Amino acid sequence: MVAAFGSGAMFSLVSGMGGPNQAVNAVSSGLFFALVQGGLFKFGEKFSQPPEEDVHYVRTRNMLTRLGLQTYEKNFKKGLLTDNILPLLNDSALRDVKIPPGPRLLILDHIQRDPELKGRRKR
């Protein structure tokens, strides 16, 4: 912001703007440049942060990635099929969240073969 202030002040002085009181105009131009630069910085900072990790879908995301079915993550989130629900999944639940038959079979097969998920299902 200091550099922007300096740029605005110098721009005002070099361009000859300001009429009889160039010092006041240089300061006001410097403040304007600094405020614009600060605003743009905050705007960029806000929108450049990576999205927060959704802790309820970590295992689901990993499973879908391993199976090459990442595009269905939004279906799981829409249906609130969190990591805790993975062991309980059945064909009907996956059909309800609009996952096609092929991917449904892959997901159910993966859950049945995963020893950790299979063990949690029996509890």
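A search of the whole structure finds two aromatic pairs, where rings of Phe, Tyr and Trp (its six-membered ring) pair if their centres lie within 6.5 Å. Phe32 and Phe33 form an edge-to-face pair, with 6.3 Å from centre to centre and 70° between the planes. Planes over 60 degrees apart count as edge-to-face, those under 30 as stacked and the rest as tilted.

The model is predicted: local features need pLDDT of at least 70, side-chain atom pairs count only at pLDDT 80 or more, and totals for chains, interfaces and linings use all residues. Residues are numbered from 1 along each chain as its sequence is written, and side-chain values use heavy atoms, with hydrogens and water left out.

The protein has seven helices and zero strands. Both kinds of element are DSSP runs numbered from the N terminus: helices are H or I with at least four residues, strands E with at least two. Helix H2 covers residues 22-48. Its 27 residues should span 39 Å at 1.5 Å a residue, and the end C-alpha atoms are 38 Å apart, which agrees. The expected span is 1.5 Å times one less than the number of residues.

One part of H2 is covered. Asn25, Ala26, Ser29, Gly30, Ala34 and Gly38 are buried, that is, under 20% relative accessible area, whereas exposed means over 50% and partly exposed in between (1.4 Å probe, protein chains only). Helix H1 (2-15) is included in what covers these residues. Ser29 counts as buried because its relative accessibility is 12%. Leaving aside residues up to four places away in sequence, Ser29 touches Gly8, Ala9 and Ser12; contact means heavy atoms within 4.5 Å.

Other residues of H2 take part in the surface. Phe11, Phe32, Phe33, Val36 and Leu40 make a nonpolar surface patch of about 480 Å², to which H2 gives the most, with four residues. Such patches are made of residues with over 30% relative accessible area and no salt bridge, nonpolar side chains (Val, Leu, Ile, Met, Phe, Trp, Tyr) being joined within 5 Å and like charges within 9 Å. A salt bridge is a side-chain nitrogen of Lys or Arg within 4 Å of a carboxyl oxygen of Asp or Glu. Leu40 is exposed because its relative accessibility is 54%. Phe32 is exposed at 52%, and Phe33 is partly exposed at 31%.

For the protein as a whole, buried residues make up 29% of the 123 residues.

Methods. Areas by Shrake-Rupley, 256 points an atom, 1.4 Å probe, with all protein chains shown as cover.
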